[in-house]
Amino acid sequence: MTIELYTAPINDSQGPVDSPISNTIGELPDQEPTLDLGDLLGSFDSQDEALDFIQNQTLSQGQSVIDTVTVLFNPYTHVELLTVTIQNEDQSTHPKSYYLVTDEGY
(Lines give C-alpha, C1' and ligand atoms only; values in the text may rest on other atoms or scores of the structure.)
Protein backbone atom coordinates (compact mmCIF):
# COMPACT_ATOMS: atom_id res chain seq x y z
CA MET A 1 0.00 0.00 0.00
CA THR A 2 1.22 3.48 -0.85
CA ILE A 3 0.18 6.54 1.14
CA GLU A 4 0.51 10.02 -0.31
CA LEU A 5 0.75 12.96 2.07
CA TYR A 6 -0.70 16.31 1.01
CA THR A 7 -0.99 19.64 2.78
CA ALA A 8 -4.61 20.47 3.56
CA PRO A 9 -6.11 23.96 3.47
CA ILE A 10 -5.88 25.90 6.70
CA ASN A 11 -9.08 25.57 8.70
CA ASP A 12 -9.29 28.52 11.09
CA SER A 13 -12.73 27.54 12.31
CA GLN A 14 -13.34 24.65 14.66
CA GLY A 15 -15.96 23.25 12.27
CA PRO A 16 -15.55 20.14 10.14
CA VAL A 17 -13.38 20.13 7.03
CA ASP A 18 -15.04 19.19 3.74
CA SER A 19 -13.80 16.18 1.83
CA PRO A 20 -11.58 17.07 -1.13
CA ILE A 21 -13.39 14.47 -3.26
CA SER A 22 -16.39 15.63 -5.23
CA ASN A 23 -18.15 12.25 -5.52
CA THR A 24 -18.51 10.75 -2.06
CA ILE A 25 -21.71 8.72 -2.42
CA GLY A 26 -19.92 5.51 -3.34
CA GLU A 27 -20.93 5.27 -6.98
CA LEU A 28 -18.23 4.53 -9.52
CA PRO A 29 -17.72 7.66 -11.62
CA ASP A 30 -16.81 7.61 -15.31
CA GLN A 31 -13.44 8.96 -14.27
CA GLU A 32 -11.54 9.59 -11.05
CA PRO A 33 -13.37 12.19 -8.93
CA THR A 34 -11.99 15.69 -8.87
CA LEU A 35 -9.42 16.06 -6.12
CA ASP A 36 -8.51 19.35 -4.52
CA LEU A 37 -5.64 18.13 -2.40
CA GLY A 38 -3.00 20.83 -2.19
CA ASP A 39 0.73 20.18 -2.36
CA LEU A 40 2.10 16.63 -2.42
CA LEU A 41 4.72 16.28 0.30
CA GLY A 42 5.70 12.69 -0.43
CA SER A 43 4.73 9.05 -0.86
CA PHE A 44 5.21 6.53 1.93
CA ASP A 45 4.78 2.81 2.54
CA SER A 46 2.81 3.29 5.75
CA GLN A 47 0.99 5.88 7.80
CA ASP A 48 3.75 5.63 10.44
CA GLU A 49 6.34 6.69 7.83
CA ALA A 50 4.19 9.70 6.91
CA LEU A 51 3.93 10.66 10.58
CA ASP A 52 7.70 10.29 10.99
CA PHE A 53 8.17 12.64 8.02
CA ILE A 54 5.92 15.26 9.65
CA GLN A 55 7.69 14.90 13.00
CA ASN A 56 11.12 15.28 11.39
CA GLN A 57 9.91 18.31 9.44
CA THR A 58 8.62 20.02 12.58
CA LEU A 59 11.74 19.13 14.60
CA SER A 60 13.90 20.86 12.00
CA GLN A 61 11.86 24.02 12.65
CA GLY A 62 12.28 23.83 16.44
CA GLN A 63 8.76 22.49 16.96
CA SER A 64 7.32 19.16 18.06
CA VAL A 65 4.20 17.13 17.34
CA ILE A 66 2.29 16.51 20.56
CA ASP A 67 -0.93 14.95 19.23
CA THR A 68 -2.33 13.39 16.05
CA VAL A 69 -5.92 12.67 15.02
CA THR A 70 -6.87 10.82 11.83
CA VAL A 71 -10.45 10.91 10.52
CA LEU A 72 -11.85 8.99 7.54
CA PHE A 73 -14.22 11.25 5.59
CA ASN A 74 -16.56 8.36 4.76
CA PRO A 75 -16.34 4.63 4.01
CA TYR A 76 -16.41 5.15 0.23
CA THR A 77 -13.27 7.25 -0.18
CA HIS A 78 -9.59 6.57 0.23
CA VAL A 79 -8.81 9.95 1.77
CA GLU A 80 -8.29 10.64 5.47
CA LEU A 81 -7.80 13.94 7.25
CA LEU A 82 -4.77 13.97 9.54
CA THR A 83 -4.62 16.81 12.06
CA VAL A 84 -1.49 17.24 14.14
CA THR A 85 -1.05 19.55 17.10
CA ILE A 86 2.30 21.29 16.91
CA GLN A 87 4.01 22.82 19.93
CA ASN A 88 6.37 25.75 19.41
CA GLU A 89 9.47 26.50 21.47
CA ASP A 90 7.45 29.04 23.51
CA GLN A 91 4.99 26.21 24.44
CA SER A 92 2.18 27.67 22.29
CA THR A 93 0.34 25.17 20.09
CA HIS A 94 -1.44 25.22 16.76
CA PRO A 95 -3.11 22.59 14.58
CA LYS A 96 -1.94 21.68 11.09
CA SER A 97 -3.90 19.50 8.68
CA TYR A 98 -2.87 17.01 6.01
CA TYR A 99 -4.61 14.59 3.68
CA LEU A 100 -3.55 10.94 3.64
CA VAL A 101 -4.51 9.31 0.34
CA THR A 102 -4.15 5.54 0.03
CA ASP A 103 -4.20 3.33 -3.04
CA GLU A 104 -6.03 0.64 -1.08
CA GLY A 105 -8.79 -0.93 -3.12
CA TYR A 106 -7.37 0.09 -6.48
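Trainee: Where in the chain does Gln91 sit?
Mentor: Gln91 is in the loop between strand 4 and strand 5 (93–102), where helices (H or I, at least four residues) and strands (E, at least two) are DSSP runs numbered from the N terminus. Before we go on, keep in mind that this is a predicted model, in which local features need pLDDT of at least 70 and side-chain atom pairs count only at pLDDT 80 or more, while totals for chains, interfaces and linings use all residues. Residues are numbered from 1 along each chain as its sequence is written, and side-chain values use heavy atoms, with hydrogens and water left out.

Trainee: What is the phi of Gln91?
Mentor: Gln91 has a positive phi of about 75 degrees, although it is not a glycine. As background, most residues other than glycine have a negative phi.

Trainee: And is Gln91 buried or exposed?
Mentor: Gln91 counts as exposed because its relative accessibility is 54%; exposed means over 50% relative accessible area, buried means under 20%, and partly exposed lies in between, with a 1.4 Å probe and protein chains only.

Trainee: Let's zoom out; in what order do the elements run?
Mentor: Starting at the N terminus, the order is β-β-α-β-β-β, which comes from one helix and five strands in the chain.

Trainee: How much of the chain is buried?
Mentor: Of the 106 residues in the chain, 28% are buried. The chain exposes about 6,900 Å², with carbon and sulfur atoms supplying 46% of that area, as computed by the Shrake-Rupley method with a 1.4 Å probe, where for residues only the protein chains shown count as cover.

Trainee: What share of the contacts is between residues 24 or more positions apart?
Mentor: Such pairs account for 55% of the contacts in the chain with a separation of 6 or more, a contact being heavy atoms within 4.5 Å.

Trainee: Which residues does His94 touch?
Mentor: Not counting residues up to four places away in sequence, His94 touches Gln63, Val84, Thr85, Ile86 and Asn88. His94 is found in strand 5, and it counts as partly exposed because its relative accessibility is 29%. The C-alpha atoms of His94 and Val84 are separated by 8.4 Å, and the two residues are 10 residues apart along the chain.

Trainee: What does Thr58 contact, then?
Mentor: Leaving aside its neighbours within four places in sequence, Thr58 is in contact with Gln63, Ser64, Val65 and Ile86. Thr58 belongs to helix 1 and counts as buried because its relative accessibility is 4%.

Trainee: Why does Val79 count as buried?
Mentor: Val79 is buried because its relative accessible area is 1%.

Trainee: Switching to charges, which residues form the negative surface patch?
Mentor: The negative surface patch is formed by Asp45, Asp48, Glu49 and Asp52. Patches are made of residues with over 30% relative accessible area and no salt bridge, joining like charges within 9 Å and nonpolar side chains (Val, Leu, Ile, Met, Phe, Trp, Tyr) within 5 Å. A salt bridge is a side-chain nitrogen of Lys or Arg within 4 Å of a carboxyl oxygen of Asp or Glu.

Trainee: Where are Asp45 and Glu49 placed?
Mentor: Asp45 is in the loop between strand 2 (40–44) and helix 1, whereas Glu49 is found in helix 1 (residues 47–59). Asp45 counts as exposed because its relative accessibility is 56%, and Glu49 counts as partly exposed because its value is 35%. The C-alpha atoms of Asp45 and Ile3 are separated by 6.1 Å, although these residues are 42 residues apart along the chain.

Key:
Lys, Arg positive; Asp, Glu negative; His and termini not counted. Charge placed at Lys NZ, Arg CZ, Asp CG, Glu CD.
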